[in-house]
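Subject: Structure handover

Hi,

Here is the structure I promised to pass on.

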Amino acid sequence: MKRFIYTVLALMLAMPAFAEDIEITFDKLPEKAQKVVLKAFPDNKIKKVEMERRASLTQYEVKLSDGVKMQFAKDGTFTECECTKGAVPDMLVPSKIRSFVAREFPDRTVVRIEHDSKLYEIVLDNGVELCFNSSFRLIDIDTVEL
């Protein structure tokens, strides 16, 4: 049993060695991701594009000239957007969430959105974090530091 525990610990310590961030050109992004970036931020310049590889995960990160940071899954599916100046474009926020924010938090904008198949987490410009399930029902409210 001790041998098993030591083996697991050794593997856990070695995992960061399998991590790799490779800077790539914009045209090396999956086409789906390219389209989202160009449609959501047509006037921004691409500052940096990285392919991040972890043990069994590949994802892409795109940084734009005005501080926008976007992440995409291996297949180019949009997973995260953070805007340091201004709001996340409406096209990246599901309409049911946009309606909820407009109704419950008038005069507030979404500055960060992150989602996977089960959850949507958004952060408003006042630091309120809203968590929605896959049916777009609010399941948690919290505050975060901006």
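This is a predicted model: local features need pLDDT of at least 70, side-chain atom pairs count only at pLDDT 80 or more; totals for chains, interfaces and linings use all residues.

M70 has its bridge partner in β5, and that partner is C81.

Strand β6 covers residues 110-115 and pairs with β5 in the antiparallel sense, over three bridges. How enclosed is β5, residues 78-82, by the rest of the structure? Largely, because four of its five residues are buried.

Setting aside neighbours within four places in sequence, M70 is in contact with V36, V37, F41, Y60, E61, V62, F78, E80, C81 and L92.

Core

The largest nonpolar core has 34 residues. Which residues have the most contacts inside it? They are F41, M70, F72, C81, L92, I122 and L130. Helix α2, residues 31-40, gives the most to this core, with four residues. The bridge partners M70 and C81 are both on the list of residues with the most contacts.

Five bridges join β7 to β8, and the two strands run antiparallel. They form a hairpin with three residues between them. G127 sits in the turn, with a positive phi of about 90 degrees.

Strand β8 then pairs with β9, residues 138-143, again antiparallel and over five bridges. V128 stands opposite T143 in β9. This is a hairpin as well, with four residues between the strands. The turn holds F136, which has a positive phi of about 65 degrees. Is β8 mostly covered or mostly open? Mostly covered: five of its six residues are buried.

I97

I97 lies in helix α3. At 0% relative accessibility, I97 counts as buried. Not counting residues up to four places away in sequence, I97 touches Y120, I122, F132 and F136.

Salt bridges

The structure holds six salt bridges. Here are three of them.

- D21 with R54: the closest N and O atoms are 3.0 Å apart. D21 lies in β1, residues 20-24, and R54 in β2, residues 46-54, so the pair ties together parts that are 33 residues apart in sequence. D21 is partly exposed, at 43% relative accessible area. R54 is partly exposed too, at 35%.
- E61 with K63: the closest N and O atoms are 3.6 Å apart. E61 is buried, with a relative accessible area of 9%. K63 counts as partly exposed, at 32%. E61 is also among the contacts of M70.
- D125 with R108: the closest N and O atoms are 3.5 Å apart. D125 lies in the loop between β7 and β8, and R108 in the loop between α3 and β6, so the pair ties together parts that are 17 residues apart in sequence. D125 is partly exposed, at 30% relative accessible area. R108 is partly exposed, at 36%.

Overall numbers

The protein has three helices and nine strands. From the N terminus on, the order is α-β-α-β-β-β-β-α-β-β-β-β. Of its 146 residues, 36% count as buried. The accessible surface comes to about 9,500 Å², and 52% of that belongs to carbon and sulfur atoms. Among contacts between residues at least 6 apart in sequence, 35% join residues at least 24 apart.

Best wishes

Conventions. Residues are numbered from 1 along each chain as its sequence is written. Side-chain values use heavy atoms; hydrogens and water are left out. Buried means under 20% relative accessible area, exposed over 50%, partly exposed in between (1.4 Å probe, protein chains only). Two strands pair if DSSP finds at least two bridges between them. Contact means heavy atoms within 4.5 Å. Accessible areas come from the Shrake-Rupley method with a 1.4 Å probe; for residues, only the protein chains shown count as cover. A salt bridge is a side-chain nitrogen of Lys or Arg within 4 Å of a carboxyl oxygen of Asp or Glu. A nonpolar core is a set of buried Ala, Val, Leu, Ile, Met, Phe, Trp, Tyr and Cys residues joined through side-chain atoms within 4.5 Å.
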